[in-house]
Amino acid sequence: MFSLRPGSAALVAALLTAAPLTADGPARAEPPDLAATTCIARIGVQVSCKVLDAAQFRAADARVAATVLPPGLELTDDGRIAGTPTHAGITHVSLTTGGTTTSVPVVVSDVDYLAVTLSADGKTLRGTRWDGAHVVLHQGLTASDVRGLGIHPNGSVYLLTERTLLRIVRPGQVSVVLDGLQAEAMDLSPSGEIHIASRTEILSLQTDGQVFHRARSGKVMDVLEDDAGDIWTLEWAGERRVLHHIAVDTCEWHAHDVGYSPSSIADNRGQIYVTTNASLFDPYHVVATDHSGSLTTLPLPDRSFRLEYSDLFGLLATDRHESAQLALGAPLAHSQLADPTFQRVAAAEHLTHTE
């Protein structure tokens, strides 16, 4: 959602602490580190995060090193990061006390919801606020054929059904943005454009409200815009599903064979993650590729997941059929992301990095 431009590779590497995906060889799926402390805050709202144990903390021994605290926040005498933040971003703060240094990610959001989740029956949409509280955004949805969820850079929540694109500005306030669709998936880009994959084409809803049509011949199953502005799609090609890369500047088109029956795609700063369904010989897994087509494989549990990437949650795999999320390298516990009775999850993606 919020653009994190090149130069922030260290931040991304820090968030994917479990098993960084590289092009040099396969990466193993290690359990995510859920013990790390993360301070989550909202612009203009007072926050107090306990980051150091009171019994060990001594004001005279503690100092903020390596990075400064985000504007509006300070380290208190009892080991808290507290105050009212004024700027969005992700800052890794190094706290040194008694000769021991601890790195604490401080995430300041300027959207109301860090995640949105949909109930199993497709009728209730719930938002997870920056403080972990769950708020019902809408009840009694008439369509259970939900194709996509997303949090826009302007803070609105978008819900895509097979026929309609809906916008939710605040709880209960729902408006129809587009109607008469035959939609399969959508992507909300860092620039604010909304890309909708239909059965025969891609529709790009631009920030000024204009709809741009990119005609395709095959069935488009999933779509995303990467950080460079290129478009990636999953499409049917004969009897197979193929990952396509469209370079917007040059109009070059490339096809990538990422294995048997890919089902969803996500991106993270030049890496494209593809969920691949199980075949006779291969289990479910994630394939990471880049513009050159280099592949790296990350195993997943033997069931179908839909992938998303979030600077806050890391690589997030959501079970399509059960209420379960697998956060790879994310610092937050699963319960902080979604109500366990809700199934489909979309997380806020890109926050602006501040030094």
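1. Let's start with the sulfurs: the structure holds one disulfide, meaning a pair of cysteine sulfur atoms within 2.5 Å. The disulfide joins Cys39 to Cys49, with 2.1 Å from S to S. The two partners sit ten residues apart, Cys39 in strand β1 (residues 39–42) and Cys49 in strand β2 (residues 47–50). Strands here are DSSP runs of E, at least two residues, numbered from the N terminus.

2. Before going on, remember that this is a predicted model, where local features need pLDDT of at least 70, side-chain atom pairs count only at pLDDT 80 or more, and totals for chains, interfaces and linings use all residues. Residues are numbered from 1 along each chain as its sequence is written, and side-chain values use heavy atoms, leaving out hydrogens and water.

3. Which hand does the disulfide have? It is right-handed, because the torsion about the S-S bond of Cys39 and Cys49 is about 70 degrees.

4. Are the two cysteines buried or exposed? Cys39 is buried, at 0% relative accessible area, and Cys49 counts as buried at 11%. Buried means under 20% relative accessible area (1.4 Å probe, protein chains only).

5. Now look at His195, which lies in strand β16 (residues 194–198). His195 has 0% relative accessibility, so it counts as buried.

6. What does His195 touch? Leaving aside residues up to four places away in sequence, its contacts include Ala185, Asp187, Ser204, Arg214 and Glu225; contact means heavy atoms within 4.5 Å. The C-alpha atoms of His195 and Ala185 are 8.4 Å apart.

Key
Helix = DSSP H or I, 4+ residues; strand = E, 2+ residues; numbered from the N terminus. Buried < 20%, exposed > 50% of the residue type's maximum accessible area, 1.4 Å probe, protein only.
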